[in-house]
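The sequence and the coordinates are shown first, and the description follows.

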Amino acid sequence: YTVNFALLGDYKHAETEEEIHTLIDNNLEVWVAAKDYEVEPGATILDVLNMVAAENNLAVGNPNGDYVKYITKDGVRLSEFTNGARSGWMYTINGNHSGLGVAEQKLADGDVIIFHYTDDYTREKSSPADLEAAAAVVAKINAIGTVSLESKAKIEEARAAYDALSDEQRDLIGADVLKKLTDAEETYAELEKNAADKAAAEAVEDKISAIGTVTMDSKAAIDEARAAYEELSDTQKNLVSNYQLLSQAEAAY
């Protein structure tokens, strides 16, 4: 039998690197260019991989026969999880990812094999429509940027888009990207609360300032300012900058 085999690898990414390298995104490195190999009837993916490894001085970690744990080329070892929890080695045969282990998948004459690394195995088996939907949500999340009180619409739009995804599509969005959304929501909630606290305190400050010079007619204004102050939370009370004026007005009255 004659089969065609290519090996595509990657490099160890820095923790800050966000780009995902996959076969479907066509951004892997060619470790061994596509080439025809002669194999015996009954040969498996593992048989041809071992041939390629011997020919190209590669080290293949295959502890149980069915799963390739790592491949080392020129001192660079790529293992499962090297580039994240979804990274590892996979293969396609005639354009499709097989569910069989490398020692189980038998070869037929003319088979085309691409053995490849991936930073995210979920992307490899996803439909173009799912990838497009997930990418659109990632773009909305990234568009939030620095969170301010003007960010509400973008945050809500990103959340609604994410919630509308299927489970399969959500799996395509990395945990780090989803964390951007949840962090943005938490930051906005805190900003909104701070703004509400400040507004409540300022309303009481206005009532205290409105007391003015204390006379025998000041009782209603003083009582109104005191009642408004007592309704504040402890956090809001600490924001009232002219509370001393209220105490002084009460004492003067």
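Strands are here DSSP runs of E with at least two residues, numbered from the N terminus. In that sense, Ser79 is placed in strand β5. The model is a predicted one.

Apart from neighbours within four places in sequence, Ser79 contacts Lys69, Tyr70, Ser87 and Tyr117. Strands β4 and β5 are antiparallel and are joined by four bridges. On the other pairing of β4, three bridges link it in the antiparallel sense to strand β3 (residues 59-61), where Val60 has Ile71 of β4 as its bridge partner.

Strands β4 and β5 make up a hairpin, with two residues between them. Which residue in this turn has a positive phi? Asp74 does, at about 50°, although Asp74 is not a glycine. In general, most residues other than glycine have a negative phi. Asn94, in the loop between β6 and β7, likewise has a positive phi although it is not a glycine, at about 55°.

| Residue | Relative accessible area | Class |
|---|---|---|
| Ala33 | 52% | exposed |
| Asp74 | 68% | exposed |
| Asn94 | 45% | partly exposed |

**The five-stranded sheet**

An open sheet is formed by five strands in the order β2-β1-β8-β6-β7, with mixed pairing. Its edge strands are β2 and β7 (96-97), each of which pairs on one side only. Helix α1 (residues 45-56) packs on this sheet and touches β1, β2, β6 (88-93) and β8. The direction of α1 makes about 115° with that of β2.

Strand β1 (residues 2-9) and strand β8 (residues 112-118) run parallel and are joined by five bridges. Within this pairing, Phe5 stands opposite Ile113 in β8. Phe5 is also touched by Ala33, as is Ala6, when residues up to four places away in sequence are not counted. Ala33 belongs to strand β2 (residues 29-38). Is Ala33 buried or exposed? With a relative accessible area of 52%, Ala33 is exposed, because that class begins over 50%. The C-alpha atoms of Ala33 and Ile114 are separated by 9.9 Å, while the two residues are 81 residues apart along the chain.

**Helix α3**

Helix α3 (residues 128-142) comprises 15 residues. From its first C-alpha to its last, α3 reaches 21 Å, close to the 21 Å expected at 1.5 Å a residue. Which residues of α3 are buried? They are Asp130, Leu131, Ala134, Val137 and Ile141. These residues lie on the same side of α3, because they cover an arc of only 130° around the axis. An α-helix has 3.6 residues a turn, so residues three or four places apart point the same way. On the other side of α3, the residues Pro128, Ala129 and Glu132 are exposed. The cover over the buried residues of α3 includes α2 (121-124), α4 (152-163), α5 (167-170) and α6 (175-209).

Key. Residues numbered from 1 in each chain as written. Predicted model: local features only at pLDDT ≥ 70, side-chain atom pairs only at ≥ 80, totals over all residues. Heavy atoms only, no water. Buried < 20%, exposed > 50% of the residue type's maximum accessible area, 1.4 Å probe, protein only. Contact = heavy atoms within 4.5 Å. Pairing = 2+ DSSP bridges. Axes fitted to C-alpha atoms, helices over the stretch in contact; angles between N-to-C directions. Expected span 1.5 Å × (residues − 1). Arc of directions from axis to C-beta.
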